[in-house]
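Hi there,

Have a look around first, and then read my notes below.

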Amino acid sequence: SALYVLPPGFVESSCHSRIFWMKLNKLLLQGKFFQLEINDPYAGPILLDEKLASRCGYVLSEDVWGNPVFRASVLGCHVANEADELFSLTVNIKISSFSSMRAAVTYTYPMYCSYSSWASREIVCEENYMEVSVKTDVPAVSNDYTVAWMSALPETQNVAYQLWQLMFVSPSGRKRIMVSDAAKLGYSFNNTLSRVYLRAPYHSNESHISVVSGVNMNMVTSTSMYRQRWLLLLIDTTVSCPVDGISFTDTTLTWTVPSVIPTLVVQESTFLSKNILMGVDDQVIVHPEEKNYLLEHNETHIRITIPIGAEGGKLKSSISGGVYGVIYSIDLFLEHTWTDADWQTTKYTVIKSITTPFMPQIPTVINNTLPEERLFNVAFGHFLSDVSLVAIAIGNVPFTLREAQHQGFKIYETPFSNRTKGFILEVSFDDPYVLKEYVNRNETKYTLLVNYTMSVGPEVTLYYHSAEVECVIADIELPEAVGYCDEENLYLAIPTFGLHQYWNLYLHNKLLNRHIALTNGYLAVTNSTHLILQIPLFAVGIIYEEVSFQKIKARFDVALRKLRTMETLQMFSVSCSFNSSAFIICHPDGTIMISAQMKTVPAIDMSKTKLRDSSCKPREYNEGHAFFKFHVTTCGTSVRFEGDHIIYENEISYEKETLPGQSIPTITRDPDYRLTVLCYYRAKETLVLGAFASDPSTSPPFGSGTMVPRSNIAVYRRIRQALNVVSRVSKDESFVEFYEPNMAILKRPVEPVFLEVELKDESPSTELYLENCWVTRSLDFNSTPRWNITVDG
């Protein structure tokens, strides 16, 4: 393939701490495949793979931003070395649109490194290999032999002349191998003009783990041996690198490396730490505190603490188990220089790429709703910049962002603190996808159900989050009714807004619908704004507040109740006074009031009219009228059953007068005058009576009455006998749930008691009257104190 000129900005390279450092710009690689080849000046291009990398001192990875990174030791394979001071390495970068790498474009990139300040011993702990290089022109050999050295001495007798051999010491024993065989085990051993180096993969068979100051160290204990006729050269090529030492809190990550590593420092008493440097990527951080990094060290540890989210690292969004969270990554290196009696100077470099575990960050929904503007304003965050909103569902109806905007929803991004962002959604209360519920007296609860669909991270993982936002505002006006009367009717004009949507009208405990209105003789008319009820003066449901001779004060009440809870919110009442010359009113408590008009010629003396019981006289009268008031159990009133009605009957009569004359023939006035009075009550009507307090709003339906001039009707009398009567107390006015027998019932003095008395007698001619009913503390009829519920029926 042809050679091309590199695009500007595609490659960055540097040489730091005797490591070639190269970075490719991922933006210029988008959608492309790439390969790296090591370009050997003699052997030609060699494809880089993992096995080659760890043996040859190469690392191919990505930085936290996703840019490909290549690092190589200056002592690596195929590096041109001039006097251990100038180093060069050429890399071929191959780029193709195909994974097979066909039709690849190849860029050749040479790198140069100048490094002359070698320490006596240099150790590099890379991501995939450990490397130790040792100066060989040191004439002095320490008297303080280590165990490893002592054990190596007998072996030296067998070392072949003019050949390097390696001896590894591990807990499993000693192992001596030729350099040529070491390569097969993944090791790389070689010498330069003035140095010997050994490169080892982590976790080889010859390595072992030891714990130093709480950190696991991967260690290869080895001696390199070279023998000539006049020389036996033993070089300690032991290397030890940390494999963990990373810990996390919610807000920080900490990397710990031991200060003193015993196998690398034989005489700890002579150990002296000279310099500690930290870096991010390939840059040394001179003043870590300026970036909120903390670099600490003592006799046992060197510790680097980085706040999560700090500059130099990268926060990345992630999804785990359907939960949103973040991962923080940073590429660090540590350079520790020390001296001791054995080694003069050791330079110890560790390169570490650190990534935190997944940290859940449950997003929050912030309700900034503006009730006065009737607008939901919902903020959803906090997210990193790699998160975007892709779809939304309102009230479980899905919308793309474009459809949502078209529907009239406003959706926009907003910056939050700590370089995060959120998404703001605005929806009108009056939008059809907002749920509306009538609550309390005059309020509406608006509920916005939102389902967010987010795209997270470069992997474009979908994330879902649902939220429910409520707002209750007083935006419903309770209707006000207007009442008026004419000569014979009462009228109520009630606004129709909200009727049957929020409220219903009730006449006592019955829903006031068209059927009830017709049955009771009301006239109901609806126009565009109002329902107008016309109620005749003597219709069912009228409450007679005051009845006297020729005058009636009447009231009609309608309750405005909530649709589901049946709670009474308003009472609409109209009350008027009427002049009426003739009427009969049958009260639910059995009181009958009659204003009778008797126009006879000649006129009757009204003071002499009476009921069946002649002691029952009119309370008021004038020439043509008489006013009677009595109870159905008095004045000779009779009772009978017809269908589902109880009929009480009495009679107003005037008996003819005999005028004394001078002669035998008697002069009489007109014959007897009789007026039959009938009161009809529904036999199966449930009467709800306040037990201790009289509340006119709960007054039950009235009976209806007629007056019929006709002759007397026979009265049936009954013999009193013991009857099978059962009574129960209901929990409310519905008479559905009842208290258990013999159970204490606690009531305040103003609370109503709902009492049901049932006659169990099978006889069709049996009737039930409830005359007196009271409450006592014991079963004794005569015990005191006693509280009356009904008196005289």
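Arg 374 belongs to the loop between β30 (364–367) and β31. Its phi is near 50°, a positive value in a residue other than glycine. Please keep in mind that this is a predicted model.

Strand β31 covers residues 375–383, and His 382 is found in it. The peptide bond between Gly 381 and His 382 is cis, with omega at about 5°.

There is another positive phi to look up. Ser 17 is not a glycine either, yet its phi is about 50°. You will find Ser 17 in the loop between β1 (11–16) and β2 (19–24). Is Ser 17 buried or exposed? Ser 17 has a relative accessible area of 12%, so it is buried, the limit being under 20%.

**Charged pairs**

Side chains of opposite charge can pair when their charged atoms come close. The structure holds 26 salt bridges. In one of them, Arg 18 meets Glu 131 at 2.9 Å, N to O. Arg 18 sits in the loop between β1 and β2, while Glu 131 is part of strand β11 (residues 129–135), so this pair ties together parts that are 113 residues apart in sequence. Arg 18 and Glu 131 are both buried.

A further salt bridge joins Lys 23 and Asp 63, whose closest N and O atoms are 3.2 Å apart. Lys 23 lies in strand β2 and Asp 63 in the loop between β5 (58–62) and β6 (68–73), so parts 40 residues apart in sequence are tied together here. Both of these residues, Lys 23 and Asp 63, are buried.

Next, turn to Arg 640 and Glu 649, whose side chains form a salt bridge of 2.8 Å, N to O. Arg 640 counts as partly exposed because its relative accessibility is 25%, whereas Glu 649, at 2%, counts as buried. Salt bridges can also share partners: Arg 18, Glu 122, Glu 131 and Arg 199 are joined into one network that way.

**Strands side by side**

Glu 122 stands opposite Lys 347 in β28. Strand β10 (residues 121–125) and strand β28 (residues 344–355) run parallel, with five bridges between them. Strand β28 also pairs with β27 (residues 323–340), this time antiparallel and over twelve bridges. How many residues does the hairpin from β27 to β28 pass through? It passes through three residues. Within this pairing, Phe 333 has Ile 351 in β28 as its bridge partner.

Another hairpin is made by β52 and β53, with two residues between the strands, and Gly 643 takes a positive phi near 60° there. Strand β52 (residues 638–642) and strand β53 (residues 645–654) are antiparallel and share five bridges. One of the bridge pairs is Phe 641 with Ile 646 in β53. From Ile 652 to Val 677 is 25 residues in sequence and 7.3 Å in space, C-alpha to C-alpha.

**Rings**

A pair of aromatic rings is described by the distance of the centres and the angle of the planes. The structure holds 29 aromatic pairs. Take Trp 21 and Phe 333: their ring centres are 6.1 Å apart and their planes are at 55°, so the pair is tilted. Trp 21 is in strand β2 and Phe 333 in strand β27, so the pair ties together parts that are 312 residues apart in sequence. Trp 21 and Phe 333 are both buried.

Ring pairs also link Tyr 324, Phe 380, Phe 383, Phe 423, Tyr 452 and Tyr 463 into a cluster. Charges can be found over rings as well: the charged end of Arg 102 sits over the ring of Phe 98, 3.8 Å from its centre, and Arg 728 lies over the face of Phe 738, 3.6 Å from the ring centre.

Which residues make the nonpolar surface patch of about 290 Å²? They are Val 390, Leu 462 and Tyr 464. Leu 462 is in strand β38 (residues 461–473) and counts as partly exposed, because its relative accessibility is 42%.

Enjoy exploring it!

Definitions and conventions:
Residues numbered from 1 in each chain as written. Predicted model: local features only at pLDDT ≥ 70, side-chain atom pairs only at ≥ 80, totals over all residues. Heavy atoms only, no water. Pairing = 2+ DSSP bridges. Helix = DSSP H or I, 4+ residues; strand = E, 2+ residues; numbered from the N terminus. Buried < 20%, exposed > 50% of the residue type's maximum accessible area, 1.4 Å probe, protein only. Phe/Tyr/Trp six-rings, centres within 6.5 Å; stacked < 30°, edge-to-face > 60°. Lys NZ or Arg CZ within 6 Å of the ring centre and 35° of its normal. Patch = residues over 30% accessible without salt bridge, like charges linked within 9 Å, V, L, I, M, F, W, Y side chains within 5 Å. Areas by Shrake-Rupley, 256 points an atom, 1.4 Å probe, with all protein chains shown as cover. Salt bridge = Lys/Arg side-chain N within 4 Å of Asp/Glu carboxyl O.
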